[in-house]
Amino acid sequence: KMLRSKLLKLLKENKGEYVSGQKLCEQLNVSRTAVWKHINGLKNEGYQIKAHHKMGYMLSSEPDVLIYEEVSPYLSTNFIGKYYIHKSIIDSTNNFAKEIASNAPDGTIIIAEEQTSGRGRLGRSWLSQKGCGIWMSVILKPDLQPQQAINLTQVAAISVVKAIEEIVNVECKIKWPNDIILNNKKVCGILTEMSSEIDKINYVVIGIGVNVNCDNFPEELKGKATSLYLETHSKIDRKKLTGSILNNLELYYNAYLQKGFDYIRPICIEKSITIGRQIKVITNEGEIQGYAVTIDNTGSLVVDTKEAKRISIMSGDVSVRGLLDY
Ligand code: BTX
């Protein structure tokens, strides 16, 4: 794997030009047969590499896959994504993340081209078609109280919104606490799961699903799901966007840990599509209808109920009137 990465790096540095077999052997300190073997490995992954008996090897194009070698040029993080697992196909990156989390380093990410049973909240499913989205999970091990985990969903949500602004130049909104909305449809969902003791988090898995270049949704999702491609009519570089999401995630995660929720609260409020609207919330205690006033300094949603009581909600399934079929 290390050798393959080094070989790829050399070819990338000379993209569009031949690099002699001799030079590759010397720089990598391996035999010609070894080089040839790894070139074939790269070709199988979708790299287009020309071979010439005298001139050597030339990389002409890279595949549109989110492997580490393709995303790392856009990463400027210190720990998120340093340990990076990529799968072509998987049931759910959150499932995999939870399996390995206890022994995985803080900041490990698991990313897949396709999920066969992508999960949403409350047992719902998340459509994750091949090669068109970013389906990934981040393992974090913060020194926080379990009830603060909801803030990490909010940290992730603003990170995705900022990344989309940076790379795609469109402004998305956040439906509290975990959906990213573009032109009244869902373009990204976030699923945070955790393992904790009474007063201590063991680990948190933040699952992020972004519909990037998806050009087709099944009939039942057409009214509520969209992709960046469908809204902007241009194909988005998934590698850049993945890098930017992780860079922003590390930035806001560190800021949150160091300065508390107050630091990110103004961004959550600015980007909220929920505040100032009539809403309906399904909570464990039942259904609440009311007006969403603000997000308080713990990250809870403050609601004036139709019974004229002011309450704050830590978690729940929110419908916003005028949005997504409500
Ligand atoms: P959610 O429960 O808020 O949303 C799920 C609902 O959204 C579904 O019931 C369906 O109506 C709709 N939906 C399903 N697929 C899509 C889609 N691709 N785009 C828009 N709407 C859709 C949101 O849950 C949390 C989703 C997290 C997904 C990530 S992907 C990586 C990680 N692994 C995993 O299994 N889940 C997370």
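Predicted model: local features only at pLDDT ≥ 70, side-chain atom pairs only at ≥ 80, totals over all residues.
Student: What makes the radius of gyration of the chain agree with a compact globule?
Tutor: The chain has 326 residues, and a compact globule of that length would have a radius of gyration near 20 Å. The chain has 22 Å, so the two agree. The C-alpha atoms fill a box of roughly 80 × 45 × 30 Å along the principal axes.

Student: How many helices and strands does the chain have, and what share of the residues is buried?
Tutor: There are 10 helices and 15 strands. Of the 326 residues, 41% count as buried. A residue counts as buried if 20 or more other C-beta atoms lie within 10 Å of its own.

Student: Why is Lys-37 called partly exposed?
Tutor: Lys-37 has 13 C-beta neighbours inside 10 Å. Exposed means 12 or fewer, and buried means 20 or more. The value 13 falls in between, so Lys-37 counts as partly exposed.

Student: Where does Lys-37 lie?
Tutor: Lys-37 lies in helix α3, residues 32–44. Lys-37 and Arg-4 are 33 residues apart in sequence. In space they are 9.7 Å apart, C-alpha to C-alpha.

Student: What share of the contacts joins residues 24 or more positions apart?
Tutor: Such pairs account for 62% of the contacts with a separation of 6 or more.

Student: Why do β2 and β3 count as paired?
Tutor: Pairing needs at least two bridges. Strands β2 and β3 have five bridges, in the antiparallel sense, so they count as paired. His-52 stands opposite Gly-56 in β3.

Student: Which sheet holds these strands, and what makes β1 and β2 its edges?
Tutor: The sheet is open, with three strands in the order β1-β3-β2 and antiparallel pairing. Strands β1 (18–19) and β2 (48–52) each pair on one side only, and they are the edge strands.

Student: Which helices pack on that sheet?
Tutor: Helix α1, residues 2–13, touches β1, β2 and β3. The direction of α1 makes about 75 degrees with that of β3. Helix α2, residues 21–28, touches β1 and β3. For α2, the angle with β3 is about 90 degrees.

Student: What is the strand order in the open sheet of five strands?
Tutor: The order is β14-β13-β12-β11-β15, with antiparallel pairing. The edge strands are β14 (310–313) and β15 (317–320), and each pairs on one side only. The twist averages 40 degrees from one strand to the next.

Student: How do you know that β12 pairs with β13, and β11 with β15?
Tutor: Count the bridges against the cut-off of at least two. Five bridges join β12 (286–295) to β13 (301–305), and four join β11 (278–283) to β15. Both counts meet the cut-off, so both pairs qualify. Tyr-291 has Asp-304 of β13 as its bridge partner. Lys-280 stands opposite Ser-319 in β15.

Student: Which residues of β15 are on the covered face, and which on the uncovered one?
Tutor: Val-318 and Val-320 are on the covered face. Asp-317 and Ser-319 are on the uncovered face.

Student: Which residues come nearest to the ligand?
Tutor: Of the 28 residues around the ligand, Ser-92, Gly-120, Gly-189, Gly-207 and Gly-209 come nearest. The elements giving two or more residues to this shell are α5 (93–100), β6 (133–140), β9 (185–196) and β10 (201–211).

Student: How do the residues of the shell divide into nonpolar, polar and charged?
Tutor: There are 10 nonpolar, 12 polar and six charged residues.

Conventions: Residues numbered from 1 in each chain as written. Axes fitted to C-alpha atoms, helices over the stretch in contact; angles between N-to-C directions. Rg over C-alpha atoms; globule rule 2.2 N^0.38 Å. Contact = placed C-beta atoms within 7 Å. Near = placed C-beta within 6 Å. Nonpolar A, V, L, I, M, F, W, Y, C, P; charged D, E, K, R; others polar.
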